[in-house]
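Subject: A structure to look at

Hi,

Here is the structure I promised to pass on. Have a look at it first, and then read my notes below.

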Amino acid sequence: MKNKVLFIVTIIVVFLLGLLASSIVNRKSEAKYKYVPQVNISENEPRNEVWGENFPLEYQSYMQTLDTSFASMQGGSAMRDVLEEDPRLVILFAGYGFSKDYNQGRGHAYAIEDIHNTLRTGGPKGKGDGPMPATCWTCKSPDVPRLMNEIGVKEFYSGKWADKGEEIVNPIGCADCHDPKSMKLRITRPALVEAFDSMGKDINQATHNEMRSLVCAQCHVEYYFNKNLPGKEGVPYLVFPWKDGMTVEDMENYYDNLEFKDWTHKISRAPMLKAQHPGYETFTTGVHADRGVSCADCHMPYKSEGGQKFTDHHIQSPLNNTSNACQVCHREESQKLIANVYDRQRKATENRLKLETLLVSAHLEAKACWDLGATEEQMKPILTDIRHGQWRWDYSAAAHGASFHSPVETARVIGSGLVIAQEARVKLARLLAELGHNKPIEMPDISTKEKAQEFIGLDMEKLESEKADFKKNVLPKWLEAAKAREDKMPINTVSATN
């Protein structure tokens, strides 16, 4: 009896081992024949769905960036009206496009739709119209490197945003980061290459692991439009201000030496800097970068499906994917990891909001000084302090992940901003007293986005009407022309060409 039981157990074990071996062989076979090209992808193919024919797993995961259901404490993929959440930003950005509309960006698949919808791009009635230059398209689409290749970089940056609306329709995707022949990571935006050149570095020497962050640094960085470059005068040429270094002070000195300003503040008349989204710069000062972790390791971790390992192109917050993004290295429970992130973010936000309050007051107090007859000479050091204080506030706020990527550096930047803003207000108090005003400035009611926008003189009804007209009368023509152009673009199947 005992031998019979042992015999049966042996048969079962052998059977199960056979199944396991068969599964391993099948999975290895699947992995071996994973890449079976269906189409020949051209050098500047902008259509993500064409790339998807050859790389279905990556494409299917990329399409998940359409999901807007995840919201974290400071980010996620859900649409959020930042001005509604914090109306004081309307005051900080008075005279600049972000006072009209500041929505948190959604996933990469929405890049084109979101730039069509934002009030910042205005309601152009046709080519040559609207408030924004063509340069504003640069980070939005794989049509950008295609068009740069066709007409030249300088010509791409020339003209208005509306001039190239029918040319740029495919959202951020495959051709932005990959070589179509080898699938190696590549840089497609000249501004990053030029920034490395300005620092005396050759981006072609970057390792593969460095490239897993540098392809992100093509867009997730601080930048400005320089209209005074030799041979490109008058063209809003995209430049990363890294020549003197990548710290908040390095870039500030760079801008100050150029006497550059993004805009003149409508209330204080300060020459302002707008931090765009210096995610890469802040990331490089953090512990993850120091340990050799790349952007892709956390935002695009490896994934297995059907025995095939691939990079997950559902680019998203790691907090929505802690098992693959965080717990590969960190053994803590998911809830603990998320709690740690939120704790750092709350602490950074606490001081950032204090700095924000000081800056709002400084702008309004500066206006009071002007109204009382202050001179340019009296105001210059104060306006410089406001410029520098808000630059630090914006640097820590616009780099949405900064308080996680580099909490120590972010705290340092906010701390120095607090000192500068306090100094500005001390100078303002002295000047107000000198001008005969010895009591606090009356603060307006800016408790809602609408009240704040009304206070700075924005005609929101007009702006929204112009945008509605654009979406009704201009945008459909762009999309129709783009479809007609893309319908003529060939898709060469492998079977048809071999």
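Which residues of helix α11 (residues 248–258) are buried? Keep in mind that this is a predicted model. The buried ones are V248, M251, E252, Y254 and Y255. They cover an arc of only 160° around the axis, which puts them on the same side of α11. The general idea is handy here: an α-helix has 3.6 residues a turn, so residues three or four places apart point the same way.

What lies over that side? Just past the end of α11, E259 has a positive phi of about 55°.

Two of them deserve a click in your viewer:

- Y223 sits in the loop between α10 (208–217) and β2. Its relative accessible area is 18%, so Y223 counts as buried, the cut-off being under 20%. Beyond its neighbours within four places in sequence, Y223 touches residues including Y255 and Q276; Y255 is also one of the buried residues of α11.
- Q276 is in the loop between β5 (271–272) and α12, and is buried at 11%. Its contacts, with neighbours within four places in sequence left aside, include E222, Y223 and D262.

Happy exploring!

Terms used
Residues are numbered from 1 along each chain as its sequence is written. This is a predicted model: local features need pLDDT of at least 70, side-chain atom pairs count only at pLDDT 80 or more; totals for chains, interfaces and linings use all residues. Side-chain values use heavy atoms; hydrogens and water are left out. Buried means under 20% relative accessible area, exposed over 50%, partly exposed in between (1.4 Å probe, protein chains only). Helices (H or I, at least four residues) and strands (E, at least two) are DSSP runs, numbered from the N terminus. The arc is that of the directions from the helix axis to the C-beta atoms. Contact means heavy atoms within 4.5 Å.
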